[in-house]
Amino acid sequence: MADDNKGEDLLIPDDKRRFSTHEVTKSVRIKKITQSSTLPGYDYTKGDESDYWQTFEVGNEWMRLDFEESYRIDSIKVRGTGAPEGQSFVRSFHFEYITEGGKILPYMDGKTFQANTSSDQIIPIDLGDIYCKGLIIYPESTANNIIAMKVWVTFNKGDVA
């Protein structure tokens, strides 16, 4: 299923990197956020700074971020609920990216990324410049079997591959 050449096509030379971070809920570059399900009252698409995606069913849930067009993204940052006393956060996840042509491909053959160990820490994850139209995140393990995640995406200001 994985394309053996996809890594070479996605890497951008260091001298071409210029990045700006946009919070998913505030970014004009995010066209749409969808989730497989949410708990009542946790609509991440509302755009409130305090909102985050929360649901149950680890292993069956996903969050999809569709961008306005194809962009280079360098990294993402993830956090749980943001409440220091809380115990709701994603411990690990994998994701897929959506190509300009609309194909959905696993990133690094479905590599599992380690995320949070508390609900308020923000974990940066370097992606090495992916040119894509969107991401689909799949939580694999959580604290208390509750998916609670907030995501930030770092877009390359150059925008054109």
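The model is predicted, so local features need pLDDT of at least 70 and side-chain atom pairs count only at pLDDT 80 or more, while totals for chains, interfaces and linings use all residues. Residues are numbered from 1 along each chain as its sequence is written, and side-chain values use heavy atoms, with hydrogens and water left out.

**Exercise 1.** Determine which strands pair with strand 5 and whether strand 5 is enclosed or open.

Solution. Strands are DSSP runs of E with at least two residues, numbered from the N terminus, and two of them pair if DSSP finds at least two bridges between them. Begin with strand 8 (residues 123-142), which runs antiparallel to strand 5 and is joined to it by 8 bridges; here His94 stands opposite Tyr138. Next, strand 6 (residues 104-106) pairs with strand 5 in the antiparallel sense over 3 bridges, and these two strands form a hairpin with 5 residues between them.

**Exercise 2.** Describe how the rings of Tyr107 and Phe113 are arranged.

Solution. Rings of Phe, Tyr and Trp (its six-membered ring) pair if their centres lie within 6.5 Å, and planes under 30 degrees apart count as stacked, over 60 as edge-to-face and the rest as tilted. By this rule there are 8 aromatic pairs. One of them, Phe67 with Phe155, is edge-to-face, at 5.1 Å centre to centre and 75 degrees between the planes. Tyr107 and Phe113, in turn, are stacked, with 6.0 Å centre to centre and 25 degrees between the planes.

Note on methods: Buried < 20%, exposed > 50% of the residue type's maximum accessible area, 1.4 Å probe, protein only. Helix = DSSP H or I, 4+ residues; strand = E, 2+ residues; numbered from the N terminus.
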